[in-house]
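This briefing sets out the architecture of the structure shown below. The points are grouped by topic.

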Amino acid sequence: MRKTLLVLAVLVLIVGTAFGQGKLQEVQARGELRCGVNQTLPGFGSVDAAGEFEGFDVDFCRSLAAAVLGDANAVTFRALSAQERFTAVQSGEVDVLIRNTTFTLSRDTTVGLNFTAPTFYDGQGFMVRTDSGINTLADFEGRSICVQSGTTTELNLADVLGALDVQFTPVIFESAPQLVSAYDDGQCDGWTTDKSGLASFLPTLGVPSDHRIMDATISKEPLGPAVLHGDDQWYDVVKWVVYATFAAEEYGITSDNIDEALESPNPQVRRMLGVDPDQVQGLGLSADAMYQAILQVGNYAEIYDRHLGPDTQFDIPRGLNAPYTGGGLLYSPPFN
Amino acid sequence: MALADRDPVLRIPFWRNVKTIGILAQIVFVAVIALGVFVLVTNTLNALGRANLPADFSWLGSRAGIPIAETPIPYTPNDPYWRALLIGFLNTLKIAGIGVILASLIGIAVGVMRLASNWLVRSIATVYIELLRNIPLAVQIVFWYTAVLLPIPPRINNPIEIPGGLYLSNVGLAFPFLYPTYRFGAWVPWLVLAVVVAVVGVVWRRRLAQRSERPVRVWPLPLVALAAIAAGGYYVASLDRTLPDGLAVDFTIDRGRGVVYRDLDGNGVRGPRDPLMPFASTIVRIAEAELTASTQNITESGQLVRSTFRFPMILERNVEAAVVDFGDPEEAAERGFAIHFTRFPSRGVVYVDRDGDGEFTPGEESDAETGIGYGGVRLVMTVVGYERHIVADRDGQVRTPAFSPSGTVRSAEVAPALNPFSVFGGAAAAESRDDIVPLEADVELLPAGPLVLSRVHVPVSSYEGGMRLTVNYLALLLALVVYTSAFIGEIVRGGIQAVAKGQREAALALGLSPSQTFSLVVFPQALRIVLPPVISQYLNLTKNSSLAPLAGYGELFVIATIVQNQTGASVPVALLLIASYLLISFVFAFVLNIVNDRLALVER
């Protein structure tokens, strides 16, 4: 009993100091960022042949590291499964979770996360064979749909098709690769998951050109970085680094022309890049934090095009993920 | 005096009294256990409370919203969680029950084969057992599912047709099945009577056999009586050809779907109170309609199939006439396309008659230079006089192919770009269908006997009618049966070998044939030895069915995992899981132990 008390006391001490210090100071003292990512979703988070993490989400980890530590490579990646990811944030194992995680009310409250601006506006969609004759959701009448369990997708599917009075046969799988092979072998007429996931697995199908992603979107899935609830300073840092990538695209600042942008007369740009240092320093970062993030990793468009853009095998249209000036939803508050 | 002096010394204080100590120790022990349980329970409840996770069972009544493919009892996603879990439980029973029977049959056969005098038979059995016993079950499930049942059978719209109305595809196996109709109730008294007569008959024959000197066959006469009374009763019950009051069909032709119901309030519209009519016998007639399909190049059963088209399965005998033509005849003429049917009118290939012999020659279905098939060629089937006998399913539903009105073939570019913001994106598309003139379908309801034979058909792209076993179920069943039968085989072999050699020799010496020796002397004795270990194999099979996620079969464990994920009620769900598996195991053990007791040697 005494031993247990002792262990408890030590734990309280450790937790106390950790909280007292704040995540930002902790990361800066450690000299590296711990980032929770996916390793099974090509384009968003995966491991390349050389064993390096790469992907859209992974690059936001690098941006954050560049801003906080001045070095985009000062990141330790933790590959997390869908089940592990929240525990990893709650226990402090990772400083930030950037793992195609949907921003929802219950995750904000019961799970105890704080979500920054979504970096990718996703939605649940459907993949079908081009020659299946399925053009609208109503065409799923009497057909079968493969769906992965343990997510909100099966609930959305039942709700939406139920509301349309479409009767279909669900085939539920636990793992995505299993589902993909069942769909590819023709056990199902359609396959539903987040559109980013569909696009990511499309190139792995037997004959990718025989399949297409339907236009219909049946749910809102804003994916974004999340940090542990209760540390406002760290939350602000992560949030504004994401905004900086949005703003850089809006102002046309890329990793190539950023040094010219330092001469820009635009007060927004000057504040963001730390030419006028007060604003960025207010976050507890060095004045050139956003400058480093964009110089080393790039603005939103660069990150997007590198992993999901037309030159990649995925070629996901920007859609909602365009700047607000281009009809999308990416909108950075002003750097005032 | 001396005794009196020693008395106070002899009186043992109560705390040193063995009896008291014993009682006290038990009280302390119980208290410690109770405290331990209390700490565990409150700790868990506190932790769950802090995380806002449910620790009770109140969520069982909320709407589940989970789609489930195989439901032994009616179910929709609007049903509560408890019903979803019940379906999982029934699905577990479905796989365990059938699995146990099949595993026993195969296991006994293999066990006997292992002792055969024929070298080949013996070796086959040995290889079977050694191979299957030593491969982990999970590997076998994945093997049957992803390496055998998914890639090898053809796709659903080109199934293998086995005589007797069976269909096999990589969606599953389906076969005709008898279902009880609304008139089944009229037959039930006859069935009861038949069973009673048969039981009385058996008792009577047994008595007779005991009294008689000559051998009396106990079973044939009562069984004949049973069959005769049941058949007579069936005939009498079928005599009344009237349909139940208010029987009606609500058929939505553009969805190709209808519901048979009883219009109890007589308003001519299907209301929520009107009961559905399961297994009603109907004839659906459609005067003229169209279907479209496009050619595709697909991999099927490991082979590349080029330029193939598959309409929904329409049998020639179901239509007066069917004509298949190109959706764009001008383009087809320009490219020199012709149609070759592999099964008129639903399946075939599009080809270019390069050698000019006027008929299809293999190789002509793909481009001579590139070797690529002609994909995406649109075809239209015009059907005249469609007429099909369809037995409604358990939910009173009848389904036909989703015909389009004749002459108004939908263009391929229907899909309007849906607003990604609108969560119910398809609604707009559904509205756009209102401008299509509805087709006319004539649905006739037929009177039925107590049972109706429901045949399998493939109106869209899944089986309708009959009994359907999904490929997920089959894969899990195969793996479980094959794996467990290897163990049972070894147990059976051991049991047979444990029967004393003299028994066999004595039986042969008495003049019994080898098969009689086995079935009358050796096997009954072996059964006594075999049964206890086989019971534990049955329990193993039941518990191993929780590997179902590997095959995508929705049994208890799979559904419980989903429910736990949705509700966060991990502890209550785990408790329910434990209770369910315990219940199944206890019932199994209870029943089989009774059998065991009856079989066991009665020693005096």
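**Overview**

Chain B contains 14 helices and 18 strands. The model is predicted, and its chain A has a secondary structure of 14 helices and 15 strands. The two chains touch: 52 residues of chain B are in contact with 46 residues of chain A.

- Along the principal axes, the C-alpha atoms of chain B fill a box of roughly 130 × 80 × 60 Å.
- Buried residues account for 34% of the 604 residues of chain B.
- When contacts in chain B between residues at least 6 apart in sequence are considered, 70% of them join residues at least 24 apart.

**Chain B: domains**

- The domain assignment divides chain B into domain 1 (2-50), domain 2 (84-172 + 469-599), domain 3 (184-239) and domain 4 (278-414 + 426-445).

- The box filled by the C-alpha atoms of chain A is roughly 65 × 60 × 40 Å, taken along the principal axes.
- Of the 336 residues in chain A, 54% are buried.
- Among contacts in chain A between residues at least 6 apart in sequence, those joining residues at least 24 apart make up 71%.

**Chain A: domains**

- In chain A, the domain assignment gives domain 1 (22-121 + 223-326) and domain 2 (124-219).
- The centres of domain 1 of chain A and domain 2 of chain A, taken over C-alpha atoms, are separated by 30 Å.
- At the boundary between these domains, ten residues of domain 1 of chain A are in contact with six residues of domain 2 of chain A.
- The side of domain 1 of chain A that touches domain 2 of chain A comprises seven nonpolar and three polar residues, with no charged residues.

**Chain A: a three-stranded sheet**

- Strands of chain A form an open sheet of three strands in the order β2-β3-β4, with antiparallel pairing.
- β2 (40-41) and β4 (53-54) of chain A stand at the edges; each has a single partner strand, so one side of each is left without a neighbour in the sheet.
- The antiparallel pairing of β2(A) with β3 (residues 45-47) of chain A runs over two bridges.
- Within chain A, Leu41(A) stands opposite Gly45(A) in β3(A).

**Interface between the chains**

- The contact between the chains involves 52 residues of chain B and 46 residues of chain A.
- On the side of chain B that touches chain A, at least two residues each are supplied by β7 (281-294), β8 (296-300), α9 (426-431) and α13 (556-567) of chain B.
- The element that gives the most to this side of chain B is α13(B), with five residues.
- By class, the side of chain B that touches chain A consists of 27 nonpolar, 20 polar and five charged residues.

How values were computed: Residues are numbered from 1 along each chain as its sequence is written. Chains are lettered from A and ligands numbered from 1 in the order in which they are written. This is a predicted model: local features need pLDDT of at least 70, side-chain atom pairs count only at pLDDT 80 or more; totals for chains, interfaces and linings use all residues. Two residues are in contact if their C-beta atoms, placed from the backbone, lie within 7 Å. Helices (H or I, at least four residues) and strands (E, at least two) are DSSP runs, numbered from the N terminus. Ala, Val, Leu, Ile, Met, Phe, Trp, Tyr, Cys and Pro count as nonpolar, Asp, Glu, Lys and Arg as charged, and the others, Gly among them, as polar. Domain bounds come from an automatic or database domain assignment. A residue is buried if 20 or more other C-beta atoms lie within 10 Å of its own, exposed if 12 or fewer, and partly exposed in between; C-beta atoms are placed from the backbone. Two strands pair if DSSP finds at least two bridges between them.
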